[in-house]
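Hi,

Here is the structure I said I'd pass on to you.

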Amino acid sequence: MSPLATSEPSDITLDPAPSSGATELQNAVIRFAGNSQDGIQTIGGLLARLAGRSAREVMTYMTIPSTISGGPSIFQVHLGSGEVLSAGDESDFLFAFYQHSYDNHIGSLRPGGVCIYDSDQVQELKGDLDALQVGIPITSTTVEALGGSSRERGKNLFVLGLVTQIFKLDREKVVGLVSRQFGGKNEDVLRNAMLAFDAGFAYPVGDLLRVEYELQQGKGSAADKVTTDGNTAMVLGLLAGGVRYGAAYPITPWSTIMEQLRVELPKYGGLFVQAEDELGAVAMALGFAYSGHTAVTGSAGPGISLKMEALSYGTMAELPLVVINVQRGGPSTGLPTSVEQSDLLQAIYGSHGDCPRIVLAPKNVADCFYTAVEACELARTYSCPVFVLTDMALASRIEAFEEPDLSKHLHEPTLDLAPRGEEFKPYPLDGPTRHAPPGSTMTAGTYPVVTGLEHDEWGHPSANPGIHQKMTERRREKLKALGATLPLPETFGDENGEILLVGWGSTWGPIREAVGRLREKGRKVGAVHLRHLNPMPNDLETVFSKYDHVLVVEMNDEGLYGHGQLATLLRARHCDPKIRSICKTDGLNYRVRDIVSRVEAATEN
Amino acid sequence: MSTAAEAPKPLTKKDLTADHPTWCPGCGDFAVLASFFKVLEKLQIPHEKICTIAGIGCSSRFPYFVNGHGVHFIHGRALPFATGVSLSRPDLHVFAFGGDGDGYSIGGNHLDHAARKNVNLTYIVMDNFVYGLTKKQTSPTSPKGFKSKTDPTGAIDQPINPMKKLVYGGASFVARTHATQVKHMMEVFERAILHPGFSVVEVLSECVVFYPGAFDAGNPRKGGAFDLIEERKWDDTPEDAERHDVSDENAAYQLASLPFPGKFGVFYETDRPTKNQLEQIWIDASREKVGNASAADLLTTRFAAMK
């Protein structure tokens with residue numbers, strides 16, 4: 001398969017297969033629509049993990065209601081034997097648990113797709129719908145299988161059994177994953193799960209579907225992949241990057257990172273503290289950093305806003321701190337469980353004063369790991385706060401990826417309490433920041449006070465205008481030095497031509513797919529994706545100059561002057577009027593076809 | 001030159017003295033600083049293990065005047081910062097300093113939580129009942145009727161009762177002293193430092209510029225009364241029953257309810273596990289459960305479980 005081929009599942013045929021056997025699917029987008037308490041995330045996760053084990057590509061997409069319990073929820077799994085870059089615009093298969101699931105999602109089915117609905121709950125829509133619709137009494141069959149006592153629980157496992165049967169998945173592997181998922185609980189739970197699963201697996205669905213399907217085996221490496229979500233990958237990256245201490249306050253969608261760190265860090269001899277509030281959390285994390293550790297705090301927009309004063313202290317006192325922002329829809333409480341990329345300018349400029357700090361953004365789940373590792377490294381090297389801007393989509397999305405090579409990506413932290421000599425200067429004008437964590441002896445007998453007041457090279461407070469000028473330059477120049485080391489991002493697609501798409505963060509996959517589709521239509525299109533957002537790499541204009549249009553694709557508002565947040569920065573830096581924006585704020589991931597049509601509209605003559 | 005056999009040089013007040021304080025002449029905080037030096041000298045805490053942390057305010061400039069590892073942090077957040085230092089560095093002696101605005105107003109929430117968590121550190125509040133650094137605004141401890149730039153006709157809000165707040169919050173050592181009573185101040189500082197857990201000393205420390213005479217009622221030299229709390233000696237005498245049981249929370253509230261200037265000494269002291277100890281128990285159990293595995297092994301195992 002050419003690396004530029006798209007993974008749009010257009011090659012699936014759902015017409016009756018020749019009698020010789022099953023229809024081979026290269027890709028399948030399966031959407032489960034139900035309520036949040038139905039456990040559809042569980043089966044989606046199991047399928048994703050199964051795909052990782054079968055060396056298939058996988059990407060998932062989930063919406064969760066922000067209500068405490070209940071409310072419509074979907075989980076979409078995109079399985080493929082080629083490169084899977086997005087969760088899929090349309091689904092090939094829809095499993096609808098309720099009438100509202102059916103009504104709201106039947107439209108997401110691609111023409112010729114298959115809808116399997118719970119005939120105990122759903123009234124089928126008659127009409128000229130181009131889809132194969134199959135009603136199965138999911139609720140009553142599950143209740144029957146469980147002996148009639150468990151009400152409606154277990155429907156998700158019944159459906160997993162159906163899916164295993166329909167796609168001829170490896171039953172042994174699926175059962176193994178189910179056992180691992182439920183085996184830790186009491187025996188009844190696993191037994192009921194298996195009863196429901198087997199009922200689904202044995203249900204005579206083949207007669208109803210007319211066609212048999214089989215997913216092609218992946219052509220990837222034989223080794224099993226790691227399958228997990230972005231927040232978990234971030235946690236592992238922080239652990240590998242040398243973080244041993246952290247503090248935070250719960251907030252969606254950041255909480256699952258702190259919950260995991262709270263449990264994981266003690267295994268590494270470290271500690272994560274749930275603080276009383278966001279202000280206390282960032283202060284504690286800075287206390288850890290001052291004490292000589294690589295520390296982390298994190299939150300989502302509302303909490304990050306509260307941390308801003310303390311983060312300016314981090315820049316002034318030059319303390320290393322990793323700050324994770326799992327972006328969600330804003331402003332204010334906004335859309336707590338929707339995706340948005342509207343905190344970029346806040347990450348760069350959100351504190352008072354001239355307050356430079358590093359800002360990074362991961363592009364997919366695997367990159368959450370690598371970005372976290374890099375953030376830790378940069379925090380130590382440049383001694384300042386380092387923001388990682390992930391988002392709601394990456395937080396909950398499950399992907400399969402190659403196991404990271406720990407021989408290259410593991411930092412073992414040490415506490416350096418060696419005596420500091422007479423020449424010790426924490427903030428030399430001509431060199432990197434030095435620290436003397438408490439506990440280190442100062443051989444000259446003079447101990448340092450770390451301060452948020454402007455200070456000289458020794459850290460002594462000073463309101464001298466010349467010193468403020470020089471120290472402001474110092475804090476700025478060390479990040480410019482970082483910028484000078486950053487390589488230009490590689491160009492995907494055409495190296496020059498008509499259109500360059502620029503993106504950052506979780507839009508990487510859909511942008512890449514959009515490039516492929518536009519090229520198939522005969523357009524000359526390339527894309528670059530920025531991981532380093534502050535500082536950015538130098539010389540981006542040499543890339544921009546090779547295209548007629550530079551379109552920055554972002555999930556934020558075009559603002560008062562018509563440009564999204566990254567586009568605003570790029571225009572300010574490169575003064576190039578051909579830099580324009582493709583923005584949106586509907587709280588949903590970009591669909592590939594949306595990007596394609598927006599690009600086409602923006603480049604019409 | 002020192003030799004290996006030589007004992008470390010004893011810590012002296014001279015070693016601990018840094019810049020001359022920028023406080024106004026006559027400020028109560030000078031005596032607090034001098035007492036702190038003397039107690040450190042007596043306790044002989046290793047010089048490099050002393051860590052002083054403060055927020056913003058006149059008294060929060062304290063770390064600049066102590067020659068030791070110090071932090072001048074942001075307004076109101078000295079306690080969570082100090083919590084980070086204390087929890088991750090059990091080898092250190094962590095001290096937090098501040099005033100009534102920093103500790104009871106903007107940082108009030110952190111005080112409650114540091115207290116309930118019983119973080120192992122010592123917090124000294126220099127309470128002057130007024131905002132001094134910003135030149136005379138009402139503070140959370142300003143009494144009703146106090147005329148300030150923000151209450152020109154007199155403060156109208158009920159002030160915080162620091163001792164009640166501290167006892168309620170769960171601080172495991174709560175004491176009160178007066179900056180003019182140096183001997184007493186040194187005694188309670190020493191007890192606070194030796195107490196394992198979150199120990200707080202509220203020091204009435206006069207601002208001679210913006211609230212002169214605020215604490216004369218507690219100063220015998222100005223005609224006031226410096227009434228000490230008599231603590232139980234547990235000697236089975238009838239008079240002992242009348243004395244204060246420092247472990248009795250209700251008795252501490254009663255002492256805290258006395259009209260100004262009230263009593264001085266230890267209001268409350270209890271021995272309960274510190275957050276530092278409780279977290280360490282969990283860390284040790286977690287390490288044991290994973291067989292003290294290396295980070296590389298832990299991560300490799302984790303990756304394997306996700307396949």
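Before we start, one term: two residues are in contact if their C-beta atoms, placed from the backbone, lie within 7 Å. Also keep in mind that this is a predicted model.

Chain A has an open sheet of seven strands in the order β11-β10-β12-β13-β15-β14-β21, with mixed pairing. The edge strands are β11 (271-274) and β21 (532-534); each has a single partner strand, so one side of each has no neighbour in the sheet. On average, neighbouring strands here are turned by 20° against each other, ignoring direction. Within this sheet, β10 (residues 245-248) and β12 (residues 295-299) of chain A run parallel and are joined by two bridges. Helix α9 (residues 255-264) of chain A lies across β10, β11, β12 and β13 of that chain, at about 130° to β11(A).

There's a second open sheet in chain A, this one with five strands: β18-β20-β19-β22-β23, again with mixed pairing. Why do β18 (492-493) and β23 (579-583) of chain A each have a side without a neighbour in the sheet? Because they stand at the edges, each with a single partner strand. Further in, β19 (residues 497-504) and β22 (residues 547-554) of chain A pair in the parallel sense over five bridges, and L501(A) stands opposite L551(A) in β22(A). Two helices lie across strands of this sheet. Helix α19 (residues 592-602) of chain A lies across β19, β22 and β23 of chain A, at about 145° to β23(A).

Is helix α8 (residues 230-240) of chain A mostly covered or uncovered? It's mostly covered, with 11 of its 11 residues buried. After α8(A) comes G242(A), which has a positive phi, near 105°.

Now for how the chains meet. On the chain B side, 44 residues are in contact with 52 residues of chain A. The biggest contribution to the side of chain B that touches chain A is from α4(B), with eight residues. That side divides into 21 nonpolar, 13 polar and 10 charged residues. The chains also share strand pairing: β17 (residues 449-451) of chain A runs parallel to β2(B), joined by three bridges. One bridge partner to find is G70(B) in β2(B), which goes with V449(A).

Last, chain B is assigned two domains, domain 1 (13-272) and domain 2 (273-307). Their C-alpha centres lie 38 Å apart, and the contact takes 10 residues from domain 1 of chain B and five residues from domain 2 of chain B.

Methods. Residues are numbered from 1 along each chain as its sequence is written. Chains are lettered from A and ligands numbered from 1 in the order in which they are written. This is a predicted model: local features need pLDDT of at least 70, side-chain atom pairs count only at pLDDT 80 or more; totals for chains, interfaces and linings use all residues. Helices (H or I, at least four residues) and strands (E, at least two) are DSSP runs, numbered from the N terminus. Ala, Val, Leu, Ile, Met, Phe, Trp, Tyr, Cys and Pro count as nonpolar, Asp, Glu, Lys and Arg as charged, and the others, Gly among them, as polar. Two strands pair if DSSP finds at least two bridges between them. Domain bounds come from an automatic or database domain assignment. Axes are lines fitted to C-alpha atoms, for helices over the stretch in contact, and angles run from 0 to 180 degrees between N-to-C directions. A residue is buried if 20 or more other C-beta atoms lie within 10 Å of its own, exposed if 12 or fewer, and partly exposed in between; C-beta atoms are placed from the backbone.
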